Amino acid sequence: MEATMLWGAFANSSQAMQTMDWAMGSISQNIANVNTNGYKEKETLFKTVLSETHTAQVNPVTTAGNKNIFGVRPVDRNLITQAGTITPTTVWSDMAINGRGLFIVTQPDATGAPSSGNASNTLYTRAGNFTQRAVDGNNYFTTADGNYLMGWQADELGVVMPGSLTPVYANIGQSSDGFATTEIQLVANLPSNAAMTGSTKTFTDTTSITDGFGTAQDLTMTWNRVDGDTWEVAFSLPANPASGSVGTITGSPVTVTVDADGNITAPTTSPSGTGFADLIVDWSAGPTLQSTASIDLNSDKPEFEEIAETMTIYDEAFEAHNLTLTFEHTANGQWYMRFQPVAAEGTVSDLTGDGTTYGEAIPITFDGAGNILTPASATFTVTWADADAGSNTVTLDLRKLTQFSGDSATRLGVKVIDQDGYASGTMDSVEIATDGKVIAHYDNGETKTLYQIPVATFVSADQLDPISGTLFRATEQAGELTVAAITDQGSGAGIVAMAVETSNVALEDQFTKMIVTQKAYSVNANVFKAADEMSQVVRDLV
């Protein structure tokens, strides 16, 4: 019995010294990494080692041959879920997680290039001191030991759809295509006190027609409006001319159409050119009983009372053009809208308002309260003179157009003209948003979401397998993996840009543990020494 107990003293003290040696190694590792970003403290605990197992309770004193020897073994635990302090940095690619979860990274392939993410090469970390590594023309976010940060890639419009994870990159200095204008929103007020274009215009021409005797007669022309593009011109001669030659006109009235600039586009049948009306006049007296007069309608056509506003539109080559939008006031609550690109640059066609096709002008109506009635939207197509510029079909949102009395009766009261086109640009900076989105900024003033960085959470993250003090691998004991945006955790959780999470090691606590561990080692060494001396005494007795 005494020999057994003496052997137990040797075994217990020997195991204890080895265990304390292991614990001192953990403490040393923690202290060495006190300044390592994202390092998670390794805590060594202790467990009792039983020498044998009994199926029933026994009395170790009275049971012959029973060995009551209890050793100790180390048990390591990594405090992965215990966060370190978030500290600001000056590096734009640094980021820290304020909340639960870990960054998802993948190990490189044999050539050092990114590899597809799978369970065997996917790791997890809280160390957010990322750098950029150039591979195949892309600058990837990588950890200090070369692992690639993973995220959800956005589409061409910057929309992120959670799904497969891909390595995250951002190429500062890279050129990016622009975007041709497809949508414009107009938030503005048309002044109800603006001047109006008359719907009728009558005037007399005293030089363009002569009767059967060769005497000039007064030709009266009356313009009557049909719609935004069309007028009817009626012609009349005196009923009782002084010469006695009464004229009867054939071909009156004449339909006249105008373009967006107010230029006459029809009639076109006169030998004199566009905008001339050829009238046949039968005279009641004189040597000439029939004559033809070519009347120039361009000389005194009605003038539009318009308010103009110039906006920018981008073609298919991402070049900017000026497009003038004009509004003609014709009655209370009644307007016509036209589009006028620079003549040498392009032409406008295919005008519609709420699906109805128009020629050169779209009618706009307001109710008595100044709210727009029709149309809610308009579409038009601009065909550019430069073949490389292509053509744009654009939708104009008019729902926020109003008609109130304006401070100026000659200007559109513009609040917002927002359009989705932009020129080509160069990426000059990258921003990490609190929701994990990687947002590129371009020198053309545009921004675009490239990726969103999610975080991985486990049921029991402290049970992850430590590859190093900052990198961990999934285990069955850690439980189910969830990959989600950091903002799904609720208010306060987010990615902190230009910051890192420092080590969660408390240096003063490690020194305390070091003193206790060193003391335990010394005490167990004394036990071993005492047992050795006792064994020598027993030996000498023999």
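**Aromatic contacts in a predicted model**

Phenylalanine 339 and phenylalanine 380 are both buried (under 20% relative accessible area, with exposed over 50% and partly exposed in between; 1.4 Å probe, protein chains only). This is a predicted model, where local features need pLDDT of at least 70, side-chain atom pairs count only at pLDDT 80 or more, and totals for chains, interfaces and linings use all residues. Residues are numbered from 1 along each chain as its sequence is written, and side-chain values use heavy atoms, leaving out hydrogens and water.

**Aromatic pairs**
- Searching the whole structure turns up nine aromatic pairs (Phe, Tyr or six-membered Trp rings with centres within 6.5 Å; stacked if planes are under 30 degrees apart, edge-to-face if over 60, tilted for the rest).
- One of these is edge-to-face: tyrosine 124 with phenylalanine 458, at 5.1 Å centre to centre and 85 degrees between the planes.
- That pair links distant parts of the chain, 334 residues apart, with tyrosine 124 in strand S6 (residues 122-125) and phenylalanine 458 in strand S35 (residues 455-458); strands are DSSP runs of E, at least two residues, numbered from the N terminus.
- Tyrosine 124 is buried at 6% relative accessible area, and phenylalanine 458 is buried at 11%.
- Phenylalanine 339 and phenylalanine 380 are stacked, 4.2 Å centre to centre with 25 degrees between the planes.
- Here too the pair links distant parts of the chain: strand S23 (residues 334-341) holds phenylalanine 339 and strand S28 (residues 377-384) holds phenylalanine 380, 41 residues apart.

**Cluster and charge**
- Tyr140, Tyr148, Tyr169 and Tyr451 make up one aromatic cluster.
- Arginine 338 has its charged end over the ring of phenylalanine 304, 4.1 Å from the ring centre (NZ of Lys or CZ of Arg within 6 Å of the centre and within 35 degrees of the ring normal).

Key:
Helices (H or I, at least four residues) and strands (E, at least two) are DSSP runs, numbered from the N terminus.
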